[in-house]
Amino acid sequence: MSAPLANVLERDVDTEGPRGRLTVDVPESWLEAGTVLEIVVPKRLACARCDGGGCDGCGRSGAIRIDESEEARTVRITLSESARAVRLIRPLGADAGLDQLVVELRPAAVASELCRRVRGGPRGNGHGILTHARLRLLVLVAFVVAVIVALALRR
Ligand SMILES: [Zn+2]
């Protein structure tokens, strides 16, 4: 489990090299901020520049081949709020021949075989972690208690 955390780019940055695209099925409940997914990038990726038609980025083949071991093709991504597509820059390192990888997350009943959840988001983890909403409620309760105590002491 030593897969590096891939660099996630929020905006579209044009890099020169091959750009692949991958659609991954994930259960709806996984799609929340803080979820960490581990994805094994297939050896053959659709070219994101030409959609398989063939261009300079993919050597006119329409696809990008990655000759790396399964371990080397494994990436981890942390989802941000309502992310449905994640753009990764050189997710497999500088020498893998993949400059960008766009991972599209598609809500489905069952997760794709190449994808697994390493860690759920705050809601998925259930209790134990204070969400913002719970924290706000806690602060509110503490404030009300403080007011009641202050009023009681005045009498
Ligand atoms: Zn292409």
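View 1. A residue is called buried if 20 or more other C-beta atoms lie within 10 Å of its own, exposed if 12 or fewer do, and partly exposed in between, with C-beta atoms placed from the backbone. In a regular strand, side chains alternate between the two faces of the sheet. The structure is a predicted model, in which local features need pLDDT of at least 70 and side-chain atom pairs count only at pLDDT 80 or more, while totals for chains, interfaces and linings use all residues. Residues are numbered from 1 along each chain as its sequence is written.

**View 2. The chain in outline.** Helices (H or I, at least four residues) and strands (E, at least two) are DSSP runs, numbered from the N terminus. Of the 155 residues, 20% count as buried. Among contacts between residues at least 6 apart in sequence, 70% join residues at least 24 apart; two residues are in contact if their C-beta atoms, placed from the backbone, lie within 7 Å.

**View 3. An open sheet of three strands.** The strands are arranged in the order E6-E3-E9, with antiparallel pairing. Because E6 and strand E9 (115-119) stand at the edges with a single partner strand each, one side of each has no neighbour in the sheet. From one strand to the next, the twist averages 30 degrees, where axes are lines fitted to C-alpha atoms, for helices over the stretch in contact, and angles run from 0 to 180 degrees between N-to-C directions.

**View 4. Bridge partners of E3.** Two strands pair if DSSP finds at least two bridges between them. E3 is joined to E6 by five bridges and to E9 by four, and both pairings are antiparallel. Leu37 stands opposite Ile77 in E6 and has Arg117 as its bridge partner in E9. Val36 is bridged to Arg119 of E9.

**View 5. The largest nonpolar core.** This core has 20 residues, of which Ile39, Val41, Val75, Ile77, Leu88, Leu101 and Val103 touch the most other members. At least two core residues come from each of strand E2 (19-26), strand E3 (36-40), strand E4 (44-47), strand E6 (74-78), strand E7 (85-89) and strand E8 (100-107). E8 supplies the largest share, three residues. A nonpolar core is a set of buried Ala, Val, Leu, Ile, Met, Phe, Trp, Tyr and Cys residues joined through C-beta atoms within 7 Å. Leaving aside residues up to four places away in sequence, Val103 touches Leu22, Val24, Ile39, Ile77, Ala85, Val86 and Leu88.

View 6. Asp51, in the loop between E4 and strand E5 (63-65), has a phi near 55 degrees, a positive value in a residue other than glycine. Asp51 counts as exposed because it has 11 C-beta neighbours inside 10 Å. Arg90, in the loop between E7 and E8, is not a glycine but has a positive phi of about 40 degrees. With 17 C-beta neighbours inside 10 Å, Arg90 counts as partly exposed.
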